[in-house]
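Hello,

Here is the structure you asked about. Please look it over before reading the notes below it.

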Amino acid sequence: MGLTKLNLKAASAEGSSIGDPSLTSVDSHGVAAVHAYPQVSLARSWNSPSGNFVEQSLQYFLFACALSSVLTTFGIVFILLKEMSGFFSVVSVWEFFTGTQWFPLLSPARFGVLPLVSGTLMIALGSCLIAVPIGLLIAIFLSEYCPRGFRVILKSALELLAGIPTVVYGYLALTFVTPQLAKIFPQIEVFNALSACIVVGIMIIPTIASVTEDAIHSVPGYLRDAGYGLGMRRYQIVSSIVFPAAISGFVASIILGLSRAIGETMAVTLAAGASPKLTFNFFESIQTMTAFIVQVSQGDTPAGTIEYQSIFVVGFCLFIMTLGTNLIAQFVVRRIHHRI
Amino acid sequence: MGLKSIISTSHLSVAYGDKVAVEDVSLEFESREVSALIGPSGCGKSTFLRALNRMNDFLDDVRTSGQVIFHGQNIYDSKIDPVLVRRRIGMVFQKPNPFPKSIYENVAWAVRKFGFKENEVRERVEVALKGAALWAEVKDRLKSSAFELSGGQQQRLCIARAMALGPEVILMDEPCSALDPIATAKIEDLIAELKEQFCIIVVTHNMQQAERISDRTVFFLNGKVIESEATSHIFNRPREELTKNYLTGRFG
Amino acid sequence: MFAKKLHWKSLPLPVAGLASLIIAFLFLAFLLIHIFSEGAGGLSWSFFINFASRFPTKAGIYSALMGSLWLLALTALISIPVGIFSALYLEEIAAKNAFTNFIRGNIANLAGVPSIVYGLLGLALFVRILGFGSSLIAGACTLSLLILPVIIMASIESLRAVPRKLREAAFGVGASPMQVLFEHTLSQAIPGMITGVILALSRSLGETAPLITVGALAFAAFLPESMTDQFTSLSIQIFNWASRPQMEFQELAATAIIVILSITFMMNFVAMLLRWKLSSRKATS
């Protein structure tokens, strides 16, 4: 034991010498060495541990990386606004927002965005009509009724649905869903809004189910216990305690689903066609804002032309619509956290 | 020379947001002495301890005023590199927190970062593990994960880790609170031995432990120091009524 | 009196829930069956090594597959470091102030921006302003921006899962902030980050719309040789074949979908395995 102590003291004195070579001369045997603390500098300098060049430049480098996301946002806004200013120097804002005809590639061209907006809203609302009840029921089933082991597996399987590329959904709508629909509704067109709604609906089920399930999950257990304590049955607890407590999460999931459906591109391009018209007939071909951008991009449109600018203007509308819905969803989610 | 305080505070206050956790504390700590900080939970003793090597820097919204003097320098001065301070003032935490590495690497990592050669590192690891009375138990399995050790062994490993750097002060924040009585006894024995070389400041909520291990006891209440005396003195004839009430279990 | 009795009103909710789940998975099953019945016949070695062609029997995905792999590699090279470093800054270094909150909120919003809008950014910024043209690098930069928010958010999540006491331990032995970050925190967070990165990359593999806007070729009978070359991708090829009316091309699309789904599912599967392993490891330690 004595040996150990001696060694330790040596270690201690050596330790004090870190960064201070003059200390090596200090007697390292026994008490005096431990007490003889020489003046050492603790100052930050170019070679101190957190002041040195590598340390500092790494921090700036990481900061620069984090800025990339801000630059992306500014980039998007700047570029959309820039092309938009060119567009609106030719087309009047009034015509754009109130016009009911969208023929950008014909002459005379018509730039009324309403048909594209209505097409987008048809898909968004139609797909939510399918996805919301299914997503909600799945969320309730997974969180309240499903055995624990299965839950993880089923949730992962749902994630698979979300991971399928959207172009695959488009292919499926075109070659599988529409032919099946045609058997029931013979009047349906080859390109139609309904089959796009169905596949987009399936696509956003995982979003709605997982956001709602998270909300249900965060309902505190004591609320449930209160129900059981009153002798309520499980369906009563779900419908009168759990669901009301999780309602903001559910609402947020719907809004997020809407936002995804608004921005969805490939499935609607393939399934719903390219006929911009102001209709609410789900059996007809329509065109969404996203599908229009794809349509123009497929051709080689020179920069500076009105067609080129038009996709940025439509893109701007899309950006504002999805940003708006996302902000609302965030606001709603934040409100749950405040309440619980 | 021998009685010169190694670390001292002067009018030290620490606040989290609006809540003042430590208020106007001036204390001196000497080398080769164990000081125990006692007081009811929430009295600011842990915050005070963490202020001594700037571990509060990582908490949000913490404001520190006053001075902590170490090596004649105020460690809260803007010119100070807190990392240099922490290399000389080691810390042992409430719950054992070994790195997710091997037993050897736990002690060796920091030593190696300080520029020691690998053979010196090996030597230091051995000395530190011996110093922490852990060597006999782990010398055959230095390469296995530190998580395979028991809680008490992990805590001694953390003490070895702090010692290997050759610090001048070791801060211990309720080092036994997560341990069973036998492991606690081992740590207490260890503290008694380490006192030969280091200034040790221990936060504890266990008054018997403070009485057993410390030379000096500081009683904190609501962020203020009520009494700071030799341990035998404070436990036998406390000067303040509040101290007496706390020690006799009227509150706490 | 206390005998267990199933109340009829208890039934509809779980039954409807189960039915909904079955509907979703039936769709998945139909999707797979349909695609296999249409496309499995086309799977052959020549399908992988033939270029696209006007003649369905001669057509393959060689250039598309290579283009996708190029894109995947370049996107990974750009997005992984930038994404992880951003997360490190935001979670570990940044002061908790208004600007940091702004960056965080901004990232959450970027994650909700439709991919086609990124495509427009890519078209204007990378293709035109920076003069990359409709090249692989323009496509990869666009896809990188698109998946960055996903990578950043997943990385932040896994940094948060690293226990605070590990950082305290490292600071306690006098590690410098960057040593704590790169030698302790990051090494613990990396397995969790990898999960997020794989999922994000698998998403980028299926992306089609932004590549169309940056001008990916619909038809390419050559292989890209450097990152400044023009390119096509599997997703573009599928879109191209699927939008043709002829049955033969539709079947080619199905065959290509089998390929892209195999890759996507494999990546998802790896990510999930990793996550399961992680959560079981956390449960034991």
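This is a predicted model: local features need pLDDT of at least 70, side-chain atom pairs count only at pLDDT 80 or more; totals for chains, interfaces and linings use all residues.

Chain C and chain A

The contact involves 79 residues of chain C and 76 residues of chain A. Together the two chains bury about 6,800 Å², and 79% of that area is on carbon and sulfur atoms. On the chain C side, L13(C), F27(C) and F239(C) lose the most area to chain A, and together they account for 9% of what that side buries.

One salt bridge is counted between chain C and chain A. E159(A) and R275(C) form a salt bridge, with their closest N and O atoms 3.4 Å apart. Helix α1 (residues 12-39) of chain C contributes the most to the side that touches chain A, namely 17 residues. By class, that side of chain C has 55 nonpolar, 19 polar and five charged residues.

The second largest pocket

This pocket holds about 1,100 Å³ of space. Its lining has 33 residues, and those nearest the centre are D57(B), F58(B), E92(C), I93(C) and F171(C). Helices that each supply at least two lining residues include α3 (53-88) of chain A, α2 (82-88) of chain B and α6 (136-160) of chain C. The largest share, five residues, comes from α8(C). The lining is made up of 16 nonpolar, 13 charged and four polar residues.

Regards

Key: Residues are numbered from 1 along each chain as its sequence is written. Chains are lettered from A and ligands numbered from 1 in the order in which they are written. Side-chain values use heavy atoms; hydrogens and water are left out. On a 1 Å grid over the protein atoms alone, a cavity is a set of points where a 1.4 Å probe fits but cannot get out, and a pocket is an open set with protein on both sides within 12 Å along at least five of seven lines; lining residues have an atom within 4 Å of a point. Grid points are joined across faces, edges and corners, and a volume is the space filled by probe spheres set on the points. Helices (H or I, at least four residues) and strands (E, at least two) are DSSP runs, numbered from the N terminus. Ala, Val, Leu, Ile, Met, Phe, Trp, Tyr, Cys and Pro count as nonpolar, Asp, Glu, Lys and Arg as charged, and the others, Gly among them, as polar. Contact means heavy atoms within 4.5 Å. Buried area is the accessible area (1.4 Å probe) that two parts lose on being put together, summed over both. A salt bridge is a side-chain nitrogen of Lys or Arg within 4 Å of a carboxyl oxygen of Asp or Glu.
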